[in-house]
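Let's take a walk through this protein together, one region at a time. Have the coordinates open in your viewer and follow along.

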Amino acid sequence: MNIVVAERGATERELELQIPGSELSTLVETKIESYRKKISLQGFRPGKLPKDVVRKRFGASIRSEAIEELVEKSVRGALTEKKLLPAGPGNISELEAPEGGDIKLKFQFEVDPAIELKDYKGLGITVEKRGVTAADVDQRIEQIRQQTARVQKPERPSQTGDLVMARYLKVLVDGVETPAPVPVFQAEIGKGIPAVDAALTGVLPGQNLSIDFQFPADYAEAEQAGKAARYEVAVEGVYERIIPEVNDEWAKLLGPFQNVQEFRERVEKDLQEAADRDSVQKARDEAIDIVLRRNPFAVPKARVEGFVEWQRERMTRQGIPAGEIPADIRASMEQEAERQIRRQRAIEWIAEKEAVKATTEEVDARIKEMAEQAGISADDAREELRKSGRLMEVREGIRFEKTLDYLLSA
């Protein structure tokens, strides 16, 4: 088999193959012999169908099947022989398979280009520490108060701060009836579109409402942003949020705290640890971004497409209708995909170059940390990771973090 490899760009490659016609003839005869023993036709005993009959009745389809099989096998063999690893499936073009002649074809595909990174040491990036203030602690405690609020049905109409549950009866956008996003919605009065909040204020369960309003220009759903709308809804429930007081009894309900002071200290500690992690991550991101700016390299389109498809599948698993991705959002996803792929390749290259590895002790410590967060034993956590195939993911995650930290210290 003759193999010619041509470079068509930074990531594009083309294989030109010529497969001897004798290989096709041999494979066709082998398949005819196999089918002769399997095919049943009236007037012939099972397994005794003459080859000429098989060739006349099924020869064209058998030859097509043989060409497809031989081409696939030959492309795989050529890629292995030339030590080429496609970044995507690739495609076959200009396939010629004349009777009695050789098979000729071209196979276009993409590869990850070889990279050689430079100037990735001495970046001068430092981790900027950020302290936690009393105001930060107060804000976080207020968030926890809101999250731990209980609800009850008040003996009064709805007011600001209440939760109103209502069922959509009809949704009109720019005068056109459209499907409701969900059958029932819950709104906290005072945190939504002002006109909607106003309409939901002073209502009782059992009331039907017609709410006219306009979506904000920066509304999250781009298709509805700035448009006039009408919601016809039936109020099904009004709930009052009872926010707890900050006292020792409340603190004891939240964990092993004897009083509010111990709870505040824990909140401050958690906030500081989160701030420290954010500072480290910010420095890591800055470091690898510098490396990527200094060392540009191409990313195969197939890798980008794969990343976008993975994002689409993840959205579907989360219950978000993916559908047809708008052009602007897709462009943003592709840009992020390219950044993430370049980032990953660069980190892998530096880790390999500098022999950065995760030690057994580091992996054990990470698994113990994960187990504590999940409330299970370290052995059970390890077994779950092993069963799900994520044990290597933990090791690689640590290796990536250590590589980024290497950039900060090298």
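This is a predicted model: local features need pLDDT of at least 70, side-chain atom pairs count only at pLDDT 80 or more; totals for chains, interfaces and linings use all residues.

Now step back to see the whole chain. It holds eleven helices and ten strands. Its C-alpha atoms fill a box of roughly 90 × 60 × 45 Å along the principal axes. The radius of gyration is 32 Å, whereas a compact globule of 410 residues would have one near 22 Å. Buried residues make up 32% of the 410 residues. Among contacts with a separation of 6 or more, 67% join residues 24 or more positions apart.

With that overview in mind, return to helix 8. This helix covers residues 327–353, 27 residues in total. From first C-alpha to last it reaches 39 Å, close to the 39 Å expected at 1.5 Å a residue. An α-helix has 3.6 residues a turn, so residues three or four places apart point the same way.

At its N-terminal end you will find a cap: a side-chain oxygen of N259 lies 3.2 Å from the backbone nitrogen of Q261. Among the buried residues of helix 6 are V260, F263, V267, R284, I288 and V291. The buried residues of this helix pack against helix 3 (134–147), helix 5 (248–253), helix 8 and helix 11.

Finally, turn to E110, which is found in strand 4 (residues 103–110). What is the nearest side chain of opposite charge to this buried residue? It is K301, 4.9 Å away, and E110 has no salt bridge, because a salt bridge needs the nitrogen and the carboxyl oxygen within 4 Å. The E110 side chain does have polar partners, though. It makes a polar contact with the side chain of T11 at 3.2 Å, and one of its polar atoms lies 2.8 Å from the backbone nitrogen of K301. Leaving aside neighbours within four places in sequence, E110 is also in contact with residues including E12, L85, P86, P300 and A302.

Notes:
Residues are numbered from 1 along each chain as its sequence is written. Side-chain values use heavy atoms; hydrogens and water are left out. Helices (H or I, at least four residues) and strands (E, at least two) are DSSP runs, numbered from the N terminus. Buried means under 20% relative accessible area, exposed over 50%, partly exposed in between (1.4 Å probe, protein chains only). Lys and Arg count as positive and Asp and Glu as negative; His and the chain ends are not counted. A polar contact is a pair of N or O atoms within 3.5 Å; within protein, one must be able to donate a hydrogen and the other to accept it, and residues adjacent in sequence count only if both atoms are side-chain atoms. Contact means heavy atoms within 4.5 Å. The expected span of a helix is 1.5 Å times one less than its number of residues. The radius of gyration is taken over C-alpha atoms; the globule rule is 2.2 Å times the number of residues to the power 0.38.
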